[in-house]
Amino acid sequence: MHGLDLPGTIALFTSRLDTLAHLLSKAEAHFGADHSFLDGRVAPDMLPFRTQVFYACNQPHNFALWCGASQPPLQPSSDAATLEQVRGHVEATKALVLSLGNIQASVPKRARIVLGPKLHAEMPAYEYVNDFLVPNLYFHLVTAYAILRMAGLPIGKADYMQHMRDLVVQDSP
């Protein structure tokens with residue numbers, strides 16, 4: 001399978017989308033009706049929280065399309081106005097990734113990434129996922145997490161590392 005662990009990649013993407021959903025839920029519970037955190041930025045020249053979430057979702061979304069997902073959800077604008085729209089985008093992306101099922105035979109051996117006008121990169125499947133999609137997912141996930149921390153949301157590593165919670169065991173004295 002071109003060195004690509006498809007079930008592992010699907011599990012990684014869905015668990016990190018679960019982390020985004022968890023962070024959104026905590027933000028909603030903490031900030032209530034004040035959704036100004038959606039406009040928060042780490043720096044003036046960086047994109048706001050809402051866009052960081054959409055860009056984080058773009059990685060598993062593009063993975064699903066590259067794998068041959070037959071019915072991608074409508075891609076909403078990255079400047080969605082409401083928390084509900086942002087949350088809905090995370091949920092729709094997760095559903096799309098989970099819909100991949102048994103498509104291993106149709107996964108391409110190579111990927112072409114358009115990087116800008118007259119710019120692209122081509123790479124094997126494994127490199128596309130592990131050297132492009134996953135690092136981009138983590139960049140935007142970490143940035144979204146940092147924006148929420150800067151806004152005053154009391155979250156920590158346990159919130160960011162949600163995928164590990166079932167593995168953590170309390171040692172007996």
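I start with a definition: the expected span of a helix is 1.5 Å times one less than its number of residues. Helices here are DSSP runs of H or I with at least four residues, strands are E runs of at least two, and both are numbered from the N terminus. As to the source, this is a predicted model, in which local features need pLDDT of at least 70 and side-chain atom pairs count only at pLDDT 80 or more, while totals for chains, interfaces and linings use all residues. Residues are numbered from 1 along each chain as its sequence is written, and side-chain values use heavy atoms, with hydrogens and water left out.

Let us turn to helix H3. Helix H3, residues 83-98, has 16 residues and reaches 23 Å from its first C-alpha to its last, close to the 22 Å expected at 1.5 Å a residue. Which residues of H3 are buried? They are Leu83, Val86, Arg87, His89, Val90, Thr93, Leu96 and Val97. Buried means under 20% relative accessible area, exposed over 50%, and partly exposed in between, with a 1.4 Å probe and protein chains only. The cover over these residues includes helix H1 (6-31) and helix H2 (49-67), where contact means heavy atoms within 4.5 Å.

Next, the salt bridges. The structure holds five of them, each being a side-chain nitrogen of Lys or Arg within 4 Å of a carboxyl oxygen of Asp or Glu. One joins Asp18 and Lys94, with the closest N and O atoms 2.6 Å apart. Because Asp18 lies in helix H1 and Lys94 in helix H3, this pair ties together parts that are 76 residues apart in sequence. Asp18 is partly exposed at 32% relative accessibility, and Lys94 is partly exposed at 25%.

Glu28 and Arg87 also meet in a salt bridge, at 2.4 Å from N to O. Glu28 belongs to helix H1 and Arg87 to helix H3, so the pair ties together parts 59 residues apart in sequence. Glu28 is partly exposed, with a relative accessible area of 31%, whereas Arg87 counts as buried at 17%.

A further salt bridge links Arg112 with Glu122, where the closest N and O atoms are 3.1 Å apart. Arg112 sits in strand S1 (residues 110-116) and Glu122 in strand S2 (residues 119-124), ten residues apart. Arg112 is exposed at 53% relative accessibility, while Glu122 is partly exposed at 44%.
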